[in-house]
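Colleague: I have a few questions about the words used for this protein. Please walk me through them.

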Amino acid sequence: MKEVTVDIKATKSSKYPIYIGENLLEKANDLIKENCKATKLLVITNEKIDGLWGDKLKLENAEKFIIPDGEKFKNFETLISILNKASELRLDRKCAFVAFGGGVIGDMTGFAASIYRRGVDFIQIPTTLLAQVDSSVGGKTAVNNDFGKNLIGTFYQPKLVIADTKTLTTLDDRQIKTGFAEVVKYAFIEKTCGENFGFFDFLSKNIEEIKKLNLKFIDETVEICCKLKASVVHKDEKENGLRAILNLGHTYGHALEKCSNYSVFTHGEAVAVGLQVCFDLSLALNLIDENYYDKASDLINKFEFNLPEHEYYEPEKLIETMKFDKKVEAGKVRFVLPTNIGEVKIFDDINKKILKEILK
Ligand SMILES: NC(=O)c1ccc[n+]([C@@H]2O[C@H](COP(=O)([O-])OP(=O)(O)OC[C@H]3O[C@@H](n4cnc5c(N)ncnc54)[C@H](O)[C@@H]3O)[C@@H](O)[C@H]2O)c1
Ligand SMILES: [Zn+2]
């Protein structure tokens with residue numbers, strides 16, 4: 001079992017472990033007891049995950065609440081149903097909410113925990129690759145509303161994260177690839193995260209084993225990604241600066257998801273194209289040389305992110321969508337762009353003519 005520590009610099013009380021390894025569901029009861037004083041647990045999951053892995057997760061003093069599966073249920077209605085369930089069970093402030101599932105369950109359970117009785121303990125047991133390398137770490141919680149994705153939420157750190165990589169073996173190919181897009185992203189930002197694990201070379205060298213889900217390599221991959229994310233949120237929990245680099249590939253990715261009404265691409269598929277757009281843009285702006293461009297494009301290609309059939313989106317429409325970023329001045333388009341192996345910088349006003357050329 002591997003262990004990574006998240007230590008939020010600004011709030012000294014927020015320090016928690018991420019446990020990574022195979023068959024950790026069986027050890028979850030002990031790991032929770034070691035790290036959380038809660039006397040009663042409420043496990044939030046869905047039918048699918050419960051059916052596949054529920055019998056391996058045997059927790060003492062736990063109640064289970066099943067919510068519907070899918071991003072379209074990441075809303076206030078489901079959030080309220082979780083809060084009502086907790087009230088119905090008369091759970092007091094000494095309880096903890098356990099998110100057992102992917103990013104949808106993790107984001108919603110964390111939000112519910114942050115507001116139930118003004119905040120109760122929260123435990124993450126992520127079961128998708130995306131959730132293990134990204135969403136379960138760092139404390140962003142959210143629901144969607146009619147105006148967009150993740151617009152309502154809190155920053156609320158879990159007490160611990162238990163990433164059982166064995167659970168990844170039941171994910172389908174599309175869900176695995178969605179996680180791989182976030183994984184490969186870390187290879188392009190690791191030095192700016194403040195670390196140097198040689199993740200780019202690690203991925204390039206072991207890509208075939210990783211794609212086959214050889215858990216020895218997957219465990220190490222999840223560990224490195226968690227260390228990199230931990231390193232960023234240590235320095236910038238609330239995205240006042242550095243944390244924005246985690247959005248490499250997401251400016252374009254989000255625009256693509258939005259233009260297609262969130263119904264065509266998985267998040268990772270959109271991010272994978274977004275990563276390539278960033279490299280195209282960096283090369284066009286002379287921020288990187290051709291050697292790095294070729295190496296990076298090659299690594300992205302080796303993951304074989306196939307896009308589902310979709311309509312053509314006009315570059316103008318995509319660029320208009322990209323302008324909707326709360327943190328950037330009106331009319332400007334912000335991109336995180338590669339500048340060297342493992343290094344990126346944030347550019348707040350991208351030349352739209354060059355961008356348009358690339359999007360064609
Ligand atoms: N909080 C953050 O920092 C952060 C970061 C990235 C993404 N997110 C959020 O995460 C969500 C996406 O997460 P996701 O990709 O995990 O999607 P998801 O939670 O919808 O899970 C994808 C599908 O896989 C199923 N599933 C889960 N575990 C499984 C398993 N072990 N075997 C088989 N099927 C399984 C789920 O039931 C679901 O149908 C989005 O809502 C996004 O906004 C949050
Ligand atoms: Zn993402």
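Predicted model: local features only at pLDDT ≥ 70, side-chain atom pairs only at ≥ 80, totals over all residues.

Colleague: Let us begin with Leu275. Why is Leu275 called buried?

Modeller: Count its neighbours. Leu275 has 27 other C-beta atoms within 10 Å. The cut-off for buried is 20 or more. Leu275 is therefore buried.

Colleague: Where is Leu275 found?

Modeller: Leu275 belongs to helix H10, residues 267–284.

Colleague: Which residues does Leu275 touch, leaving out those up to four places away in sequence?

Modeller: Leu275 touches Val184, Lys185, Leu248, Gly249 and Ile300. As for Asp164, its C-alpha atom is separated from that of Leu275 by 28 Å. Those two residues are 111 apart along the chain.

Colleague: Now the helix pairs. What makes H10 and H11 roughly antiparallel?

Modeller: Take the angle. H10 and helix H11 (residues 290–302) pack at about 170°. Angles over 145 degrees count as roughly antiparallel. H10 and H11 are therefore roughly antiparallel to each other. Their axes are 10 Å apart.

Colleague: Which residues make that contact?

Modeller: H10 brings Ala272, Leu275, Gln276, Phe279 and Leu283. H11 brings Glu290, Tyr293, Ala296, Ser297 and Ile300. By class, the contact of H10 with H11 has 7 nonpolar, 2 polar and 1 charged residues.

Colleague: How do you know that H7 and H8 are roughly antiparallel?

Modeller: The test is the angle again. Helix H7 (residues 199–211) and helix H8 (residues 215–235) pack at about 150°. The limit to pass is 145 degrees. So H7 and H8 are roughly antiparallel to each other. The axes of H7 and H8 lie 10 Å apart, and H7 passes H8 in a left-handed crossing.

Colleague: Which residues of H7 and H8 make the contact?

Modeller: From H7 come Phe199, Asn206, Glu209 and Ile210. From H8 come Phe217, Ile218, Thr221 and Ile224. The classes in the contact of H7 with H8 are 5 nonpolar, 2 polar and 1 charged.

Colleague: Last, the ligand. How many residues surround ligand 1?

Modeller: There are 29 residues around ligand 1. The closest are Gly102, Gly103, Val104, Thr128 and Ser135. The shell divides into 7 nonpolar, 14 polar and 8 charged residues.

Colleague: Which helices and strand each supply at least two residues of that shell?

Modeller: The helices are H2 (47–53), H4 (103–115), H5 (129–135) and H6 (173–193). The strand is S8 (148–155).

Note on methods: Residues numbered from 1 in each chain as written. Chains lettered and ligands numbered in written order. Near = placed C-beta within 6 Å. Helix = DSSP H or I, 4+ residues; strand = E, 2+ residues; numbered from the N terminus. Nonpolar A, V, L, I, M, F, W, Y, C, P; charged D, E, K, R; others polar. Axes fitted to C-alpha atoms, helices over the stretch in contact; angles between N-to-C directions. Parallel < 35°, antiparallel > 145°, perpendicular 65-115°, else oblique. Left-handed = near helix turned anticlockwise from the far one by under 90°. Contact = placed C-beta atoms within 7 Å. Buried ≥ 20, exposed ≤ 12 C-beta atoms within 10 Å, placed from the backbone.
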